[in-house]
Amino acid sequence: MARPFRFGVNLLTPAPAAEWRAKCRRAEELGYDVLLVPDHLDGPAPFPALVAAAGATERPRVGTFVLNAGFWNPTLLAREVATADALTGGRLELGLGTGYVPAEHEAAGLPYGSARERVDHLRRTVGELDRLLGSHDLPQSRSRSIGWTSMPRPVQSRVPLLIGANGDRMLRLTAEHADIAAFTAARPGPVPGTLEPLGAEELDERVARYRDLARGRAEEAELNLLIQLVAVTDDPEPVLKPLLERQSRLTLDDALALPVVLAGPLQQIVARVRAQRERYGFSYLTVLEPSMEAFAPVMERLREESA
């Protein structure tokens, strides 16, 4: 039986407190299940933004999509996760990735490293988080005023872990540890810090590789796809023009067929989302903030058809 749909929106743009709260409330009104924040230097700081999002809303969960593990010390990250989970009432989901923008590491004064080194660091981070957040024997520190004290604990017995992956080593890590397997459906582009979308057949192969690696899991992971563009329209060509200019190898038909693009009449998009759940297993879809309003009627129609 197909897993029920779940929908998230990745909130990219920093905003003052009142505007941020209003944006989060609007996402809740539209029906989003998860309010998400990425981890880029030109965006909001993830954890305070998520605590504010939870404070402004009642129903949605909140999550990182995704943290750049290279920015984080695992022990300090465990403290952030535990505190954010407590302050959001146990609504936190933790998304992790390796990062893909060298210039951000340079600006932060942090090493970028090779792809192998970044995956190794993420693996160590996942292991440390499992140890620190899943153990009652937490590290202690000494305070002059209150003596020895332990790290804070999360509300949830396990904060759900999402890992964004595409390459074989990342898919293996995801299969071993993640509650949510997030497919980036993209490969590194020719310019450092850029990505190129995968076609449908390429994504077939990546999902099949993940399923092979995940064979034998006690419980199946939820499968997520990050949708890059949503446009409900009878004339998708003008909307796709910027994408075609960035990705000159694509024709209009190629772009319309990309799994990360949903452009066309409403019922056609709804049918496409259902077909992609059947084909790949994607029941959890994340859209970017610019598509938040456009995707709302798609969510509504999908829920009506499932009722």
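## Close-up views of the predicted model

View 1. Ala-185 is buried, with a relative accessible area of 2%, where buried stands for under 20% relative accessible area, exposed for over 50% and partly exposed for anything in between, computed with a 1.4 Å probe on protein chains only. The structure shown is a predicted model, in which local features need pLDDT of at least 70 and side-chain atom pairs count only at pLDDT 80 or more, whereas totals for chains, interfaces and linings use all residues. Residues are numbered from 1 along each chain as its sequence is written, and side-chain values use heavy atoms, with hydrogens and water left out. Ala-185 sits in the loop between strand 9 (180–183) and strand 10 (186–188), strands being DSSP runs of E with at least two residues and helices DSSP runs of H or I with at least four, numbered from the N terminus. Although Ala-185 is not a glycine, its phi is positive, at about 50°.

**View 2. The cis peptide bond between Phe-65 and Val-66.** Phe-65 and Val-66 are joined by a cis peptide bond, for which omega is about -15°. Val-66 belongs to the loop that lies between strand 3 (61–64) and strand 4.

View 3. Pro-74, Leu-77, Ala-78, Val-81, Ala-82, Ala-84 and Asp-85 are the buried residues of helix 3. They cover an arc of only 170° around the axis and therefore lie on the same side of helix 3, the arc being that of the directions from the helix axis to the C-beta atoms. These buried residues pack against helix 2 (46–56), strand 4 (67–68), strand 5 (92–97) and helix 5 (115–133), a contact being heavy atoms within 4.5 Å. At the start of helix 3, the backbone nitrogen of Thr-75 has a side-chain oxygen of Asn-73 within 2.9 Å, and just after the helix Gly-89 adopts a positive phi of about 70°.

**View 4. Tyr-32 and the nonpolar cores.** A nonpolar core is a set of buried Ala, Val, Leu, Ile, Met, Phe, Trp, Tyr and Cys residues joined through side-chain atoms within 4.5 Å. The largest one has 85 residues, and Tyr-32, Phe-183 and Phe-295 are those with the most contacts inside it. When residues up to four places away in sequence are not counted, the residues that Tyr-32 touches include Phe-7, Val-9, Ala-27, Arg-59, Pro-60, Val-287, Met-292, Phe-295 and Met-299. Another core, of 9 residues, lies apart from the largest one, and among its members are Leu-36, Phe-65, Leu-162 and Ile-180.

View 5. With a salt bridge taken as a side-chain nitrogen of Lys or Arg within 4 Å of a carboxyl oxygen of Asp or Glu, the count comes to 23 salt bridges. One of them joins Arg-131 to Glu-128, whose closest N and O atoms are 2.9 Å apart; because these two residues are 3 residues apart in helix 5, about one helical turn separates them. Arg-131 is partly exposed, at a relative accessible area of 44%, and Glu-128 is also partly exposed, at 26%. A further salt bridge is formed by the side chains of Asp-130 and Arg-158 (3.6 Å, N to O). Asp-130 lies in helix 5 and Arg-158 in the loop between strand 7 (147–150) and strand 8 (161–165), so this pair ties together parts that are 28 residues apart in sequence. Asp-130 counts as partly exposed at 35% relative accessibility, and so does Arg-158 at 38%.

View 6. The closest N and O atoms of the salt bridge between Arg-274 and Glu-305 are 3.0 Å apart. This pair links distant parts of the chain, with Arg-274 in helix 10 (residues 266–280) and Glu-305 in helix 11 (residues 292–306), 31 residues apart. Arg-274 counts as partly exposed at 23% relative accessibility, and Glu-305 is partly exposed with a relative accessible area of 38%.

**View 7. Leu-213 in helix 7 (residues 200–213).** Leu-213, which lies in helix 7, is buried, with a relative accessible area of 18%. Leu-213 and Leu-171 are 42 residues apart in sequence, while their C-alpha atoms are 7.5 Å apart in space. Leaving out residues up to four places away in sequence, Leu-213 touches Asp-168, Leu-171, Arg-172 and Ala-175.

Notes. Polar contact = N/O pair within 3.5 Å; in protein donor to acceptor, adjacent residues only side chain to side chain.
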